[in-house]
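Here are my notes on the model, point by point. Please read them with the coordinates open.

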Amino acid sequence: MKELLRFKYRRVILSFVVVLIIFLSIVVAVIITHQREMFEDSQRNARRELELIGTFTRESLIRRDYANVEQFLKLWGQEHAEVVSIKATAPNNFILVDYTRREPSENSFLVKQHINYEGRDLISLEMVKDITHLKRSLNKFMVQLITGSVLLTIMLGVTLWYALKKLALIPLAKEIATREEAEKKFRMLLESVPDALILVFNDGKIIMVNRAAERLFGYSRAEMLGKEIEMLMPESLREIHRKFREEYLSSPRVRHMGEGLDLFGLAKDGREFPVDIGLSPIDSDEGVFVIADIRDISNRKRAEEKIKRSYHFKSAISSILQISLEPVPMEEQLERILDVILSIPAFSIESKGCIYLVEEEPHVLVMKAESGLPQAVKTSCALVPFASSLCGMAVSERKIMFSECIDDRHEIHHENMFPHGHYCIPVISGDIVLGAINLFVKEGHKRDKEEEDL
């Protein structure tokens with residue numbers, strides 16, 4: 001019997017050592033793989049950034065508006081902390097931009113991109129990015145993972161050793177207690193993660209959430225537990241998500257949800273917000289569970305939209321300046337300038353508007369250019385006295401007048417007037433009122449400071 005016990009002990013020890021070695025080998029392999037993938041992802045993202053920069057600057061390069069390109073690249077470098085330097089070189093090796101934030105580190109890498117148009121080189125971009133912060137996070141994660149793996153394996157070995165030493169099966173109560181402890185640790189892990197984590201069963205029902213999920217969606221745990229996961233997304237997306245969920249559970253794997261798509265979450269108060277979602281399946285005796293890692297990316301979307309707006313605004317201003325220098329009649333210049341303003345993608349305005357000038361009569365606005373206006377508007381609004389209607393009030397008070405609908409300030413009326421609002425902008429040089437720009441907006445459009453600033 002003692003020999004049999006010693007044999008079992010030796011086998012347990014050997015099994016424990018083998019499991020420990022295999023476990024640590026897997027952990028190290030995962031870390032190395034993750035580190036390589038992290039570096040490759042960083043390079044791919046850097047190349048995509050250069051492609052995006054090329055897209056944003058191509059029109060300026062074609063026009064040889066190098067000042068705009070320089071300003072855009074420097075702004076890009078300043079707003080992205082991981083960018084060490086960014087350099088733009090013309091085909092004749094003339095350096096257009098050479099922005100450097102700091103010296104590169106051992107964790108820096110260089111990516112290059114040629115911007116072409118119709119078979120000719122416009123510019124060569126070089127960008128150095130630093131991934132030191134990512135490596136620090138990975139090293140910290142590696143220490144925690146290895147330490148946890150060793151401790152977990154040691155705990156498992158000690159438990160097996162004690163069970164064999166006593167020559168008794170683990171009591172059911174002890175198994176239940178172990179499971180409860182594991183679930184407690186799992187819950188503690190869920191609560192410690194800053195992202196919203198939701199555990200979903202294979203029928204789509206929510207069975208566990210963390211505090212971050214409560215904060216993100218505004219629901220309490222009691223309101224979410226037992227409900228379908230589709231309650232946390234806009235109603236228009238719920239049916240198609242159910243189909244995606246069924247397809248995913250037929251072949252679950254770790255991946256991002258909706259790759260290449262814009263995903264949105266729905267808060268309790270009805271607010272919709274863009275999200276990034278990672279899916280991780282857990283296969284158990286009870287079935288397949290899926291952990292959804294949800295992150296609000298509203299700030300990132302706003303930053304991207306701000307960059308796009310800035311580019312469109314600068315392009316419009318450049319076009320307007322170019323038109324103003326061309327030797328054509330003023331009316332033609334004004335019409336073309338108006339078309340440029342109405343075509344800015346970042347503007348939430350209608351394709352309707354007009355430009356007024358002050359001519360012989362000092363206190364009367366005369367319509368000199370229009371786009372998209374019905375004949376009734378062109379006739380009734382051809383002459384607008386100062387302090388009359390929105391345009392007249394804008395020049396008399398020398399400030400932008402805004403209306404989201406046809407209100408009492410619309411003194412000029414005509415037959416079949418369609419619902420609309422206005423931005424009326426006075427054009428002033430020093431103390432002299434030159435005219436006004438009248439832009440139509442959809443009824444209910446809210447006042448936008450960025451639009452007014454432009």
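1. Accessibility terms come first. Buried means under 20% relative accessible area, exposed means over 50%, and partly exposed lies in between, with a 1.4 Å probe and protein chains only. At 44% relative accessibility, Lys399 counts as partly exposed.

2. Ground rules. This is a predicted model, where local features need pLDDT of at least 70, side-chain atom pairs count only at pLDDT 80 or more, and totals for chains, interfaces and linings use all residues. Residues are numbered from 1 along each chain as its sequence is written, and side-chain values use heavy atoms, with hydrogens and water left out.

3. The six-stranded sheet. The strand order is E13-E12-E11-E16-E15-E14 in an open, antiparallel sheet. Strand E13 (383–385) and strand E14 (401–403) are the edges, and each pairs on one side only. Helices and strands here are DSSP runs numbered from the N terminus: H or I over at least four residues for helices, E over at least two for strands. Two strands pair if DSSP finds at least two bridges between them.

4. Strand E11 (residues 353–358) runs antiparallel to strand E12 (residues 364–371), and six bridges join them. Which residue of E12 is the bridge partner of Ile355? That partner is Ala369.

5. Helix H9 (residues 330–342) lies across E11, E12 and strand E16 (432–441). H9 runs at about 65° to E12. Helix H11 (residues 389–397) lies across E11, E12, E13, E14, strand E15 (421–429) and E16. Its angle to E15 is about 35°. Contact means heavy atoms within 4.5 Å. Axes are lines fitted to C-alpha atoms, for helices over the stretch in contact, and angles run from 0 to 180 degrees between N-to-C directions.

6. The four-stranded sheet. This open sheet has the order E2-E1-E4-E3, again with antiparallel pairing. Strand E2 (95–100) and strand E3 (108–117) each have a single partner strand, so one side of each is left without a neighbour in the sheet. Neighbouring strands are turned by 10° against each other on average, direction ignored. Strand E1 (residues 83–89) and strand E4 (residues 120–130) pair in the antiparallel sense through six bridges. Within that pair, Val83 has Lys129 of E4 as its bridge partner. Helix H2 (residues 66–79) lies across E1, E2 and E4, at about 15° to E2.

7. Lys129 again, now through its side chain. Lys129 forms a salt bridge with Glu49, with the closest N and O atoms 3.0 Å apart. Lys129 sits in strand E4 and Glu49 in helix H1 (residues 2–62), so the pair ties together parts that are 80 residues apart in sequence. Are these two residues buried or exposed? Lys129 is buried at 6% relative accessible area, and Glu49 is buried at 15%. Glu49, Glu82 and Lys129 are linked in a network of salt bridges.

8. Other salt bridges. The structure holds 19 salt bridges, each being a side-chain nitrogen of Lys or Arg within 4 Å of a carboxyl oxygen of Asp or Glu. Among them is Lys368 with Glu359, with the closest N and O atoms 2.8 Å apart. Glu359 is partly exposed, at 35% relative accessible area. Lys399 pairs with Glu397, and their closest N and O atoms are 3.7 Å apart. Glu397 is partly exposed, at 41%.

9. Cysteines. How many disulfides does the structure hold? It holds zero, a disulfide being a pair of cysteine sulfur atoms within 2.5 Å. Cys391 is in no disulfide, and its nearest cysteine sulfur, that of Cys424, is 3.4 Å away. Cys424 is likewise in no disulfide. Cys391 is buried, with a relative accessible area of 5%. Cys424 is buried too, at 1%.

10. Backbone points to check. Ser389 is not a glycine, yet its phi is positive, at about 60°. Ser389 belongs to helix H11 and is buried, with 11% relative accessible area. Arg398 also has a positive phi, about 55°, and is not a glycine. Arg398 lies in the loop between H11 and E14. At 39% relative accessibility, Arg398 counts as partly exposed.
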